[in-house]
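Student: Could you take me through how the helices, the domains and the ligand surroundings are arranged here?

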Amino acid sequence: MKPTITAFAVSPDKGQGLARDMRVRWALEEAGQDYDVRLVPWEDFKTPAHKALQPFGQIPTYEEGDLVLFESGAIVLHIAEMHPGTLLPDDPDARARAITWMFAAVGTIEQPVVDHEVNEYFESDKPWGAERRKDIDERLRTRLGDLWARLGEADWLDGDFSAGDLMMVEVLLRLEGQLIDEFPNLVAYCDRARARPAFQRAFAAQRKVFEDASKSA
Ligand SMILES: N[C@@H](CCC(=O)N[C@@H](CS)C(=O)NCC(=O)O)C(=O)O
């Protein structure tokens with residue numbers, strides 16, 4: 001059954017590919033699964049109707065028949081499970097390790113990345129903003145250093161490209177042009193992932209939404 005996902009009607013990142021529906025689009029493209037997109041205007045995010053799909057009033061969501069999912073990582077995992085041989089290895093141990101990397105992306109790396117963004121957008125004008133920024137960046141640097149050490153010269157985090165890499169790259173891209181530049185192998189890792197045709201199709205589809213919205217504004 002063709003799923004429907006939700007995305008920003010007008011993305012605040014201005015089509016840079018940072019909105020989290022990109023993760024879901026990319027996974028669907030890797031899986032070769034066609035999908036529909038319902039665009040959500042800002043004023044609808046916190047309505048009861050949208051919160052029935054996503055309790056926190058956010059995107060993305062995923063609907064497939066009676067199944068409704070939220071949380072980009074859970075959605076990507078579901079897509080991977082529905083399409084064996086595309087985003088997760090068949091070997092049970094390798095599969096468990098790939099899923100571990102998905103959790104590492106959202107649980108260990110994304111948290112300081114989001115702190116970094118919150119500081120930049122909402123705390124930089126506070127008297128304590130710059131001091132906090134130093135602490136956040138130090139924590140983030142430590143995490144990225146550990147990830148850099150683990151990835152080393154490998155192409156992907158554990159064997160072939162997997163949903164673990166997809167989630168990790170999506171988190172790292174939020175740091176593009178910033179702290180990540182101190183870790184050239186992580187930049188190369190992101191570039192390698194971005195060169196995948198599935199990423200490019202997903203990016204183009206998400207960007208088109210922003211371009212169409214800009215034309216009609
Ligand atoms: N942990 C959630 C985060 C979802 C999220 O932060 N979505 C953003 C867009 S990328 C959003 O909807 N922001 C609007 C809001 O929080 O009101 C996931 O990975 O799906």
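Student: At what angle do α1 and helix α6 pack, and how is their relative direction described?
Tutor: In this predicted model, the axes of α1 and α6 (residues 163-172) lie 10 Å apart and the helices pack at an angle of about 150°. Because angles over 145 degrees count as roughly antiparallel, the direction of α1 relative to α6 is roughly antiparallel.

Student: Which residues of α6 make the contact with α1?
Tutor: α1 passes α6 in a right-handed crossing, and Met22, Arg23, Trp26 and Ala27 are the residues that α1 brings to the contact. The residues of this contact divide into six nonpolar, no polar and two charged. From α6 the contact takes Ala163, Leu166, Met167 and Glu170.

Student: Which elements give two or more residues to the side of domain 1 that touches domain 2?
Tutor: The protein is divided into domain 1 (4-86 + 198-216) and domain 2 (92-196), with 21 Å between the domain centres, taken over C-alpha atoms. Twelve residues from domain 1 and twelve residues from domain 2 take part in the contact, and on the side of domain 1 these divide into nine nonpolar, two polar and one charged. The elements asked for are α1 (21-31), α3 (72-82) and α8 (197-216).

Student: How many residues of the shell around the ligand are charged?
Tutor: The ligand is surrounded by Ala19, Arg20, Phe45, Gly57, Gln58, Ile59, Pro60, Glu71, Ser72 and Gly73. This shell has four nonpolar and four polar residues, and the number of charged ones is two.

Notes. Residues are numbered from 1 along each chain as its sequence is written. This is a predicted model: local features need pLDDT of at least 70, side-chain atom pairs count only at pLDDT 80 or more; totals for chains, interfaces and linings use all residues. A residue is near a molecule or strand if its C-beta atom, placed from the backbone, lies within 6 Å of it. Ala, Val, Leu, Ile, Met, Phe, Trp, Tyr, Cys and Pro count as nonpolar, Asp, Glu, Lys and Arg as charged, and the others, Gly among them, as polar. Domain bounds come from an automatic or database domain assignment. Two residues are in contact if their C-beta atoms, placed from the backbone, lie within 7 Å. Helices (H or I, at least four residues) and strands (E, at least two) are DSSP runs, numbered from the N terminus. Axes are lines fitted to C-alpha atoms, for helices over the stretch in contact, and angles run from 0 to 180 degrees between N-to-C directions. Angles under 35 degrees count as roughly parallel, over 145 as roughly antiparallel, 65 to 115 as roughly perpendicular and the rest as oblique. A crossing is left-handed if the near helix is turned anticlockwise from the far one by less than a right angle, and right-handed if clockwise.
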